[in-house]
Amino acid sequence: MDLTAQNISKTAPEAPMIDPFGRAITYLRVSVTDRCDFRCTYCMAEHMTFLPKKDLLSLEELDRLCSTFIDKGVRKIRLTGGEPLVRKNIMHLIGSLSRHIEADRLDELTLTTNGSQLARYAEELAACGIKRINVSLDTLDAEKFKTITRWGDLAQVLRGIDAAQKAGLHIKLNAVALKGFNDHEIPDMLRWAHGRGMDMTLIETMPMGEIDLDRTDQYLPLSMLRASLARQFTMTDIPYQTGGPARYVQIAETGGRLGFITPMTHNFCESCNRVRITCTGTLYMCLGQEDAADLREPLRASTDNALLSEAIDNAILRKPKGHDFIIDRRNNRPAVSRHMSVTGG
Ligand code: SAM
Ligand code: SF4
């Protein structure tokens with residue numbers, strides 16, 4: 001089927017989905033594949049068992065699922081993974097979903113990527129109406145980059161960032177703060193990012209899925225990193241929002257913005273507007289809880305969206321108040337068994 005030929009619902013969006021805690025659900029993150037061309041040590045084990053390809057939703061099914069969420073009031077969609085740009089024919093899905101932006105039914109279509117395929121896709125992404133993307137980059141040192149990603153090549157990612165900026169895409173850099181690994185490098189990365197007109201966001205490691213390392217060795221509370229950055233930079237809290245969980249400061253010395261995503265030290269759940277679907281159509285109402293709803297069966301049960309819509313409504317009613325991530329020596333187990341690559345962060 002030609003994805004671009006899929007209809008845009010003529011009906012006005014329903015009232016937004018509201019969860020039991022009064023939060024409107026307007027943001028959908030879609031993991032289009034759990035596979036990746038990197039093996040970041042905090043995200044995956046080196047040898048991973050991925051979902052069987054036969055269990056994956058087709059691009060047409062992903063489109064229908066996303067479009068149903070848009071019908072139900074979602075205004076922002078982020079494609080993620082795994083690495084979203086390694087999913088075969090992913091540009092078909094992106095091109096097709098962009099019709100909702102043109103029709104003013106979606107405020108933003110964006111993606112989070114490791115940047116490895118950006119040199120190839122930057123122009124096409126911009127042509128599809130994508131304005132901003134997040135690129136994950138934890139270090140600017142080529143050796144360390146190899147260590148942390150196991151399989152990645154820094155030069156390739158930097159070429160991707162160049163291509164994306166040349167194509168007019170705004171980039172936000174995401175770096176996971178890792179104790180003893182990149183904490184000392186963050187000031188230089190910040191100057192580099194801001195010097196190129198990119199915002200930057202720091203993320204605390206979350207205890208998701210078994211990895212080969214001990215997370216307590218990696219975990220660095222951002223409150224500590226922030227205190228040490230404050231000795232070098234003048235930081236002012238600003239109300240800037242991108243629809244996600246980051247809290248931003250303006251840095252006087254560089255003129256750029258720095259965001260903090262602090263799931264561990266500051267639970268941000270009270271303003272959560274997000275749900276996530278996996279590439280097999282499982283809906284997770286919270287990144288940090290195991291409860292989930294299968295949407296693949298109602299999706300496939302009929303061509304009409306009534307069953308699907310009902311399954312989504314029932315799931316939203318079960319959205320929990322929040323997560324309870326803990327990383328310390330006594331709780332050295334993943335809070336949830338799945339890896340971040342399943343739901344895509
Ligand atoms: N492959 C893409 C990328 O790396 O940008 C998209 C998927 S990746 C799972 C999304 C984000 O989650 C990345 O910024 C990554 O650094 C972050 N991430 C992965 N595992 C994490 C963990 N256990 N705790 C915190 N962030 C994590
Ligand atoms: Fe792949 Fe992104 Fe996970 Fe790294 S963080 S292994 S790039 S999915």
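The model is predicted. Strand β4, residues 76-80, is mostly covered, with five of its five residues buried, and the count of aromatic pairs comes to two.

- Strand β3 (residues 27-31) runs parallel to β4 and is joined to it by five bridges, with Val30 standing opposite Leu79 of β4.
- Together with helix α1 (residues 59-71), β3 and β4 make a right-handed β-α-β unit.
- β4 also pairs in the parallel sense with strand β5 (residues 108-113) over four bridges, and here Ile77 stands opposite Leu109 in β5.
- From β4 the chain crosses through helix α2 (residues 90-102) to β5, and this β-α-β crossover is right-handed.

**Aromatic pairs**

- The ring centres of Phe38 and Phe145 are 5.8 Å apart and their planes stand at 85°, so this pair is edge-to-face.
- Because Phe38 lies in the loop between β3 and α1 and Phe145 in helix α4 (residues 142-149), the pair ties together parts that are 107 residues apart in sequence.
- Phe38 is buried at a relative accessible area of 5%, and Phe145 is buried at 2% relative accessibility.
- Tyr240 and Tyr248 have ring centres 4.9 Å apart and planes at 80°, and are therefore edge-to-face.
- Tyr240 is partly exposed at 24% relative accessibility, whereas Tyr248, at 2%, is buried.

**Charges over rings**

- The charged end of Arg257 sits over the ring of Tyr240, 3.7 Å from its centre.
- Lys144 lies over the face of Phe181, at 5.2 Å from the ring centre.

Terms used: Residues numbered from 1 in each chain as written. Chains lettered and ligands numbered in written order. Predicted model: local features only at pLDDT ≥ 70, side-chain atom pairs only at ≥ 80, totals over all residues. Heavy atoms only, no water. Buried < 20%, exposed > 50% of the residue type's maximum accessible area, 1.4 Å probe, protein only. Helix = DSSP H or I, 4+ residues; strand = E, 2+ residues; numbered from the N terminus. Pairing = 2+ DSSP bridges. Right-handed = clockwise from strand over helix to strand, strands pointing away. Phe/Tyr/Trp six-rings, centres within 6.5 Å; stacked < 30°, edge-to-face > 60°. Lys NZ or Arg CZ within 6 Å of the ring centre and 35° of its normal.
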